Amino acid sequence: MAGKDIIKMSMKELKRLKVVQEVIGSQITQRTAGSIMGLSERQVRRLVRAVREEGDRGTIHKARGRPSNRRVPEEVKNKVLRLYEKKYLGFGPTLATEKLLEFEGIRVSDETLRKWLPEVGLWEKKRKRGAHRRWRQRKECSGEMVQMDGSHHDWLEGRGPELVLMGYIDDATNNVYGRFYDYEGTMPAMDSFKRYVRKYGLPTSVYLDRHTTYKSTKRLTPEEELQGIEEPLSQFERALGELGVEVIHAWSPQAKGRVERLFGVLQDRLIKEMRLREIKTKEEANEFLRWYLPRYNKRFRVSPENKADMHMKLPRHLDLDKYLCVRTTRTVRNDNTIACNGKLYQIEEKVRT
């Protein structure tokens, strides 16, 4: 039949055929042909021999039309897609392949799953955000700067109360620390910072936003202006200042991009990990973080430019609670009492004036 004489060739194969024919016609050398096609002279000789023996078909790959030896069996593909729809719906291909191996013992590449899922309408690739603002160079040393923020989110997906993740990320290494709280405020900020310091030491500086927890909105009183105070401090700023930690306020979320991107990753990965384990309470979530974050850091931590660690270990005699606390000024009354938050407190020992 005439149809058997028709050879379907790709543009790449047609171009190769043209170059090989030039070699056979002694118009160019095998070395020149290899340079044009990006092949070695040995590969060019094989192509020349194939075209001489088989004609134009010699440039067609012999595996065309044959199933790949590396193809995943159809029953495995169907099982993976059923599991994904039932248990891992919404997981990105990379995370889904990790969990399929961890929980199901099924090994499949993320690229394979990335090809399968859109075919059945279970996942759609998200468009990456365009670049904005100039990238800031990382700090050289661990502990030189820590970015800190609170992430308000339905971390338990309705299985429990909405929580706030107080998150920390080292600017030089991407090392992450975090803990869940009921709200973002002075006490959660102080408690999480105390836990961070006990684990890693005091950082040189902390980079955070202008939330009222971290940046006071009060105006100076005339007395404070006379004392030369430049601006009122929040309780958190005051505590860190007394500990010798520099507080740097960002003017936009983009400025503290590392911690913002961290929350984006955790709101995808961490939420799904807790869903698989049916975590329902703040206590369970914090216990899981103790297991999860070391593994997260092992995978995503980067090596700093300088191996020096600028975290300062606390002296044994230093009591963090004396600094990380709320302090207010009150006037002692004639009856040796003070008023605070609508309550009267009796001072047992007489105050000398």
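Modeller: Buried means under 20% relative accessible area, exposed means over 50%, and partly exposed lies in between, with a 1.4 Å probe and protein chains only. Tyr-292 counts as buried because its relative accessibility is 6%. This is a predicted model, where local features need pLDDT of at least 70, side-chain atom pairs count only at pLDDT 80 or more, and totals for chains, interfaces and linings use all residues. Residues are numbered from 1 along each chain as its sequence is written, and side-chain values use heavy atoms, leaving out hydrogens and water.

Biologist: How many helices and strands does the protein chain have?

Modeller: Helices (H or I, at least four residues) and strands (E, at least two) are DSSP runs, numbered from the N terminus. The protein chain has 11 helices and 7 strands. Of its 353 residues, 38% are buried.

Biologist: What share of contacts in the protein chain joins residues at least 24 apart?

Modeller: Contact means heavy atoms within 4.5 Å. Take contacts between residues at least 6 apart in sequence: 63% of them join residues at least 24 apart. Now try one residue. Val-80 sits in helix H4 (residues 74-87). Its relative accessibility is 1%, so Val-80 is buried. Beyond the residues up to four places away, Val-80 touches Leu-100, Ile-106, Leu-113 and Trp-116. Between Val-80 and Leu-100 there are 20 residues in sequence and 8.0 Å in space, C-alpha to C-alpha.

Biologist: Which residues of the largest nonpolar core have the most contacts inside it?

Modeller: The general idea comes first. In soluble globular proteins, nonpolar side chains tend to be buried together. A nonpolar core is a set of buried Ala, Val, Leu, Ile, Met, Phe, Trp, Tyr and Cys residues joined through side-chain atoms within 4.5 Å. Here the largest core has 24 residues, and Met-148, Phe-193, Phe-236 and Leu-324 have the most contacts inside it. At least two residues each come from S1, S2, S3, helix H7 (186-200), strand S4 (205-208) and helix H9 (235-242). H7 gives the largest share, 6 residues. Setting aside neighbours within four places in sequence, Leu-324 contacts Met-190, Phe-193, Lys-194, Ala-239, Leu-240 and Leu-243. Another core, of 21 residues, lies apart from it; Phe-180, Leu-266, Ala-285 and Tyr-292 are among them.

Biologist: At what angle do the axes of H7 and H9 cross?

Modeller: Axes are lines fitted to C-alpha atoms, for helices over the stretch in contact; angles run from 0 to 180 degrees between N-to-C directions. Under 35 degrees counts as roughly parallel, over 145 as roughly antiparallel, 65 to 115 as roughly perpendicular and the rest as oblique. The axes of H7 and H9 come within 9 Å and cross at roughly 25 degrees. So H7 is roughly parallel to H9. Thr-186, Ala-189, Met-190 and Phe-193 of H7 meet Gln-235, Phe-236, Arg-238, Ala-239 and Leu-240 of H9.

Biologist: At what angle do helix H1 and helix H3 cross?

Modeller: The axes of H1 (residues 11-24) and H3 (residues 41-54) come within 10 Å and cross at roughly 85 degrees. That makes H1 roughly perpendicular to H3. H1 brings Arg-16, Leu-17, Val-20, Val-23 and Ile-24 to the contact, and H3 brings Leu-47, Val-48, Val-51 and Arg-52.

Biologist: How many aromatic pairs are there in the whole structure?

Modeller: A pair of aromatic rings is described by the distance of the centres and the angle of the planes. Rings of Phe, Tyr and Trp (its six-membered ring) pair if their centres lie within 6.5 Å; planes under 30 degrees apart count as stacked, over 60 as edge-to-face and the rest as tilted. The whole structure holds 11 aromatic pairs. Trp-155 and Phe-180 form an edge-to-face pair, 5.5 Å centre to centre, with 65 degrees between the planes. Trp-155 is in the loop between strand S1 (146-153) and strand S2 (163-170), while Phe-180 is in strand S3 (residues 176-181), 25 residues apart. Both Trp-155 and Phe-180 are buried. Tyr-292 and Tyr-296 have ring centres 6.0 Å apart and planes at 40 degrees, so this pair is tilted. Both lie in helix H11 (residues 282-300), 4 residues apart, about one turn of the helix. Ring pairs join Phe-288, Trp-291, Tyr-292, Tyr-296 and Phe-300 into a cluster.

Biologist: Which residues other than glycine have a positive phi?

Modeller: Most residues other than glycine have a negative phi. Glu-157 has a positive phi of about 50 degrees, and Glu-278 has one near 55 degrees. Glu-157 lies in the loop between S1 and S2. Glu-157 is partly exposed, with a relative accessible area of 32%. Glu-278 lies in the loop between helix H10 (257-276) and H11. Glu-278 is exposed, with a relative accessible area of 55%.
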